[in-house]
Amino acid sequence: MKRNLLVMLTIFLILGFTSCMKETKNPILMFAGAGLKGPVDEIVEIYSKKTGITVNVVYGGSGTILTQIKNTKKGDIFMPGGMEHFKMAQDEGLIVKGVEFVYHEPVILVKKGNPKHIKGLLDLKVPGLKLALGDETSLAIGPITKKMLEKAEIYTDVIKNVLVREGTVSKLVLDVDSTNIDASIVWKTAESQFGKNVEAVPIEKEYLIVETVPVGILKFTENKDEAEQFMNFILSDEGIKIFKKYGYEFINR
Amino acid sequence: MRKIDLIAQIFLIIFVLIVLAGISSLFLSINLDILIKTLRSKEFLFSIKFSLTTSLISLALSLLFSILIAYILSKEDFIGKKIVENIVDVPIFLPPLVVGLSFLILFGGKLGYVLEKAGITFLFSPLGVIFAQFIIITPYIERNIEVVFSKINKRYEFIGKSMGLSDFEVFKKITLPLSKEGILTGLIVGWSRAIAEFGATLMLAGATKMRTETLPIAIFLGISSGDMDFAVSIGVLMLVISFLILLLVRGVVKQNVSY
């Protein structure tokens, strides 16, 4: 009995190891911001079907994936959620070729039917409104919200209406959807998670600040041609269409 | 004595209520349709299979190491033993994230390059998941086994030897059977730790969909891409799975530990 168990264990171990070591020939290794998972997953799937080339995407916070890249000197494509970490990578000479290709814009989220008649950023300073805003250090929408309010010169007034600060965009959506919070500022790309009880109000053009998403080829790439081919696919009409589906806007040059 | 019983009971009830409150909030924020949808999704099926496979492999490997290490550490006395013991325990005291980071740097360097030439890739690969789990769980399992090994009365082993058994036979016929319970406890702790392992896996093996996607990594991907339904349903399912593991292993322990 015991011997049988041991034999089974050994076979199991060997099987497990060999199945784990099976690799396709030259897979592309991509590092992407976790918030981009929706469109990136879809693009990778289509690309793999078309070309037979596997693309392995390591997702994580933009800072985390940059740490992984720097310490392992590995990776073909880098696509963080915003420009901050892309610039850091550029400054250290890690990017061979890069481009900002889509952006996502903030919107004001209000209850369905807009009972408080919020028409834009300036209406958020009306005394008595209850607001939920993103934390100013831990998530990207936070500092952008602050910058827009400062641009409109209403930051100090609006702050008086802030009832709660949240750490994720999902929670901001939830607050407006199911509590007594009147409005919040979230990414338009969060639209897929918008509940039935909320709607989006666009922000005035003169105050709007957007966050751009970059993509670049890393200097550590071992197959530059294939990396470039994949990047071109992301930037093709087909790739951009998928990003648009998730609420991103194309940067027109 | 009575009073202390009462106080103890109150504390027990408070703790149980706290745990139940947390768990039920998870259950309440999900409905059956979403749960079933998640259960059927390709991503979930992959991650549960992947989690079970990797955790069983790392568990088996770790058990081998643990038994042998525990054997040495509980029997022999040698110079620098305290230091060696502390080194074995390092992964317990270090946050898993740091353990993962240290091996990310190690395998990102020359050693990783040599290993890769030999066809062994730990970075951002399923093998890295197994490695991360193995490193994290081994000290826990080893500790459990070492405790029971050192509790065994030396006289049994001495008598065994005096009756002509070799060292190996003494280990196999006396030490191991007497340690069954400790080994099984080590297995429960190790298995649940391996399945729950997140920090080291995230750093070393990366969060790659359908490739290094263990259950906790799937939850992480769900949360960070705004798919809370997916994340919460996997959380609920993980709770069920861990409960099943506990019941399963406990059942086996009850049946087998009778000496």
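Colleague: Before I look at single residues, what makes two strands count as paired here?

Modeller: Two strands pair if DSSP finds at least two bridges between them. Keep in mind that this is a predicted model. Take strand E6 (residues 131-134) of chain A and strand E8 (residues 183-187) of chain A: they pair in the parallel sense over 2 bridges. In these strands, A:Leu131 stands opposite A:Ala183 in E8(A), and A:Ala132 faces A:Ser184 of E8(A).

Colleague: In which sense do E5(A) and E8(A) run, and how many bridges join them?

Modeller: They run antiparallel, joined by 5 bridges. One residue to look up is A:Val107, which stands opposite A:Val186 in E8(A).

Colleague: What is the strand order of the open sheet in chain A?

Modeller: The order is E7-E6-E8-E5-E9, 5 strands with mixed pairing. Strand E7 (162-166) and strand E9 (198-201) of chain A are at the edges with a single partner strand each, so one side of each has no neighbour in the sheet. From one strand to the next, the twist averages 35°.

Colleague: How many residues of E8(A) are buried?

Modeller: A residue is called buried if 20 or more other C-beta atoms lie within 10 Å of its own. By that count, 5 of the 5 residues of E8(A) are buried, and the strand is mostly covered. For chain A, with its 253 residues, the buried share is 39%.

Colleague: Which strands does helix H7 of chain A lie across?

Modeller: Helix H7 (residues 169-178) lies across E5 (106-111), E6, E7, E8 and E9 of chain A, and runs at about 150° to E8(A).

Colleague: How should I read the chain as a whole?

Modeller: Start with the elements: chain A has 9 helices and 11 strands. Then ask how far apart in sequence the contacting residues are. Among contacts in chain A with a separation of 6 or more, 76% are between residues 24 or more positions apart.

Colleague: Which strand of chain B is joined to E2(A)?

Modeller: Strand E1 (residues 207-208) of chain B is joined to E2(A) by 2 bridges, and the two run antiparallel. A:Val58 has B:Thr208 as its bridge partner in E1(B).

Key
Residues numbered from 1 in each chain as written. Chains lettered and ligands numbered in written order. Predicted model: local features only at pLDDT ≥ 70, side-chain atom pairs only at ≥ 80, totals over all residues. Helix = DSSP H or I, 4+ residues; strand = E, 2+ residues; numbered from the N terminus. Axes fitted to C-alpha atoms, helices over the stretch in contact; angles between N-to-C directions. Contact = placed C-beta atoms within 7 Å. Buried ≥ 20, exposed ≤ 12 C-beta atoms within 10 Å, placed from the backbone.
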